[in-house]
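Please look over the notes below with the model open beside them. They are meant to be read point by point.

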Amino acid sequence: MSSPKITLYTYFRSSCSARLRIALNLKSLPYTPIAVNLLQGEQLSAENRTRNPSATVPTLIVEHPGSTVTITQSLAALEYLDEAFPSATPALLPPTSDPEARATVRTLADIISCDVQPVTNLRILKRVAPFGVDRAAWSKELIEDGFTAYEAIASKTAGAFSVGDVITLADICLLPAAWGAQRSGVDMTAFPTIQRIVDRLELEEAVKKGHWTTQDDTPEDLRKSL
């Protein structure tokens, strides 16, 4: 049986895109990245809107023999990868025999994906700017609020990673948010559990390949070679 063709529409600094890049690398699922430049407004093009009605990235397209699956939300795409490719390890959620751990992973992932990322992304920052909002301060304060909640939970559940000693959905959401926090001037010493997890994650080869500094569309002055 032939392997499916996987395409990821991405942007080097998109935290939601980074989640998919890291997960695909972790699971050793080959994929073709296609850049959509958010600063140039390419996400608003008719072509991208047809592909992704939300006019965002990422878009994950998986072409199986006889069928094509298109997913335009990162958390849905991450869970799809677990379900559609069960032999591609690691699984991003704990086993169904541990519903409490699964709920904890989802809770941590939702703190990032619901409480932090949506209100600090480029689309929202552009909309609050006309009201005289300091975009940097806005992002910093909202990230700190979310990280405070994440830290409180993860400090009780973390091993090497956010929930135990295996990388999960929570870690894949956390790491790109931490990159954004660093750019926003968040003092990470206030979040020792998060910082320890981030430091450990960044040792992973899959993370290095998915890092915003190593993508094909990363500007030369920001790029870091593997």
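Predicted model: local features only at pLDDT ≥ 70, side-chain atom pairs only at ≥ 80, totals over all residues.

1. Four strands make up an open sheet. Their order is β2-β1-β3-β4, and the pairing is mixed. β2 (32–35) and β4 are the edge strands, each pairing on one side only. From one strand to the next, the twist averages 15°.

2. The β1–β2 pair. Strand β1 covers residues 5–10. Four bridges join β1 to β2, and the two strands run parallel. For a reference position, take Thr7: Thr32 in β2 stands opposite.

3. Helices across the sheet. Two helices deserve a look here. α1 lies across β1 and β3. The angle between α1 and β1 is about 150°. α3 lies across β3 and β4, and runs at about 30° to β3.

4. The buried side of α3. Which residues of helix α3 (residues 74–84) are buried? They are Ser74, Ala77, Leu78, Tyr80, Leu81 and Asp82. Residues three or four places apart in an α-helix point the same way, because there are 3.6 residues a turn. Ser74 and Asp82 are among the buried positions, along with Leu78 and Leu81. What do the buried residues of α3 pack against? Their partners are α1 (15–26), β3 (59–64), β4 (67–71) and α7 (169–183).

5. The cavity. How many cavities of 30 Å³ or more does a search of the whole structure find? The search finds one. The largest cavity holds about 30 Å³ of space. Its lining consists of Ile22, Leu26, Ile167, Asp171, Ile172, Leu175, Leu201 and Val207. α1 and α7 are the elements that give two or more residues to this lining. α7 gives the most, with three residues. By class, seven lining residues are nonpolar, none is polar and one is charged.

6. The largest pocket. About 1200 Å³ of space lies in the largest pocket. The lining has 45 residues, and those closest to the centre of the pocket are Arg13, Gln117, Thr120, Asn121 and Leu122. Which elements each supply at least two residues of the lining? They are α1, α3, α4 (99–120), α5 (122–128), α6 and α7. α7 gives the most to the pocket lining, with six residues. The classes divide into 22 nonpolar, 15 polar and eight charged residues.

7. α7 in three places. α7 is one of the elements that the buried residues of α3 pack against. α7 also gives the most to the lining of the largest cavity. For the largest pocket, α7 again gives the most to the lining.

8. Cis peptide bonds. Please check two prolines. The bond from Val57 to Pro58 is cis, with omega near 5°. Pro58 sits in the loop between α2 (46–51) and β3. The bond from Thr89 to Pro90 is cis as well, with omega near 5°. Pro90 belongs to the loop between α3 and α4.

9. Positive phi at Ser28. Ser28 has phi near 55°, a positive value in a residue other than glycine. The loop between α1 and β2 holds Ser28. Is Ser28 buried or exposed? Ser28 counts as exposed because its relative accessible area is 62%, and the cut-off for exposed is over 50%.

10. Positive phi at Ala55. Phi of Ala55 is near 55°, again positive in a residue other than glycine. Ala55 is placed in the loop between α2 and β3. Ala55 has a relative accessible area of 8% and is therefore buried, as buried means under 20%.

11. Ala137. Helix α6 (residues 135–157) contains Ala137. Ala137 is partly exposed, with a relative accessible area of 29%. Ala137 and Ala18 are 119 residues apart along the chain. Their C-alpha atoms are separated by 24 Å.

Key
Residues numbered from 1 in each chain as written. Heavy atoms only, no water. Buried < 20%, exposed > 50% of the residue type's maximum accessible area, 1.4 Å probe, protein only. Contact = heavy atoms within 4.5 Å. 1 Å grid on protein atoms, 1.4 Å probe; cavity = no way out; pocket = protein on both sides within 12 Å on 5 of 7 lines; lining within 4 Å. Points joined across faces, edges and corners; volume = space filled by probe spheres on them. Nonpolar A, V, L, I, M, F, W, Y, C, P; charged D, E, K, R; others polar. Pairing = 2+ DSSP bridges. Axes fitted to C-alpha atoms, helices over the stretch in contact; angles between N-to-C directions.
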